[in-house]
Amino acid sequence: MLIPNTLVLRPADARETALCWALAVRRSDGPTCLVLTRQGLDTLSTEEHPELAVDMGAYLLRKPERRDVTLVASGSEVNLALDSAKALEQKGVHAAVVSMPSLELFFDQEREYIREVLGEAPKVIIEAGTSFGLHKLDSCALCITQNRFGASAPGGVNGKKFGFTVENVVERVMDHIEK
């Protein structure tokens, strides 16, 4: 978004990484940044998530029977979004989870696909980086982001310090959907 014609790919696990790598190798119309985490992340279950639509930029990773809120995340925050969705379920809140490895690719999709993935429910965007550009998804979305330069410490320490915990996400989501 900030560098013209640059595609940023931020995969959530090893399978998304392989798909993003293949996409980057096929791409010939500009630079591609493959942004990986240093954290050890869980691999998304192939039984629950047989198709990863990385080439679409984003896809529904968790589809509850009804949607009270949609959690949108990329990279290492996808695991946090999935864990938060489970915790919200215990409070009676049905949360869809969207994995969004590429905002640029997602915005290139047909409006119907974008609407289908994001749904009509309130949106909460979980991104351990800047919120720049994320309000294009929904101007009313709650952004749990970090609009400052990061700090040096293990991921769990910084996650807690900057509010990237299940407890904080659940609290912020509950406040957001009750308004």
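**Walking through the model**

Reply: Asn5 lies in the segment before β1 (7-9), where strands (E, at least two residues) and helices (H or I, at least four) are DSSP runs numbered from the N terminus. This is a predicted model, so local features need pLDDT of at least 70 and side-chain atom pairs count only at pLDDT 80 or more, while totals for chains, interfaces and linings use all residues. Residues are numbered from 1 along each chain as its sequence is written, and side-chain values use heavy atoms, with hydrogens and water left out.

Me: OK, what's phi of Asn5 near?

Reply: Near 65°, which is a positive value in a residue other than glycine.

Me: And is Asn5 exposed or partly exposed?

Reply: Asn5 counts as partly exposed because its relative accessibility is 47%. The cut-offs are under 20% relative accessible area for buried, over 50% for exposed and partly exposed in between, with a 1.4 Å probe and protein chains only.

Me: Switching topic: how many helices and strands are in the chain?

Reply: Six helices and seven strands. From the N terminus on, their order is β-α-β-β-β-α-β-α-α-β-β-α-α.

Me: At what angle do α2 and α6 pack?

Reply: About 60°, with the axes of α2 (residues 77-90) and α6 (residues 166-178) 9 Å apart. Axes here are lines fitted to C-alpha atoms over the stretch in contact, and angles run from 0 to 180 degrees between N-to-C directions. The two helices are therefore oblique to each other; under 35 degrees is roughly parallel, over 145 roughly antiparallel, 65 to 115 roughly perpendicular, and the rest oblique.

Me: Which residues make that contact?

Reply: On α2, Leu80, Asp83, Ser84, Ala87 and Leu88; on α6, Val166, Val169, Val170, Val173 and Met174. Contact means heavy atoms within 4.5 Å. The residues there divide into eight nonpolar, one polar and one charged. Nonpolar covers Ala, Val, Leu, Ile, Met, Phe, Trp, Tyr, Cys and Pro, charged covers Asp, Glu, Lys and Arg, and the others, Gly among them, are polar.

Me: What about Glu110, where is it found?

Reply: In the loop between α3 (103-107) and α4 (111-118). Glu110 has 63% relative accessibility, so it counts as exposed. Glu110 and Met56 are 54 residues apart in sequence, with their C-alpha atoms 9.9 Å apart in space.

Me: Last one: how much of the whole chain counts as buried?

Reply: 50% of the 179 residues.
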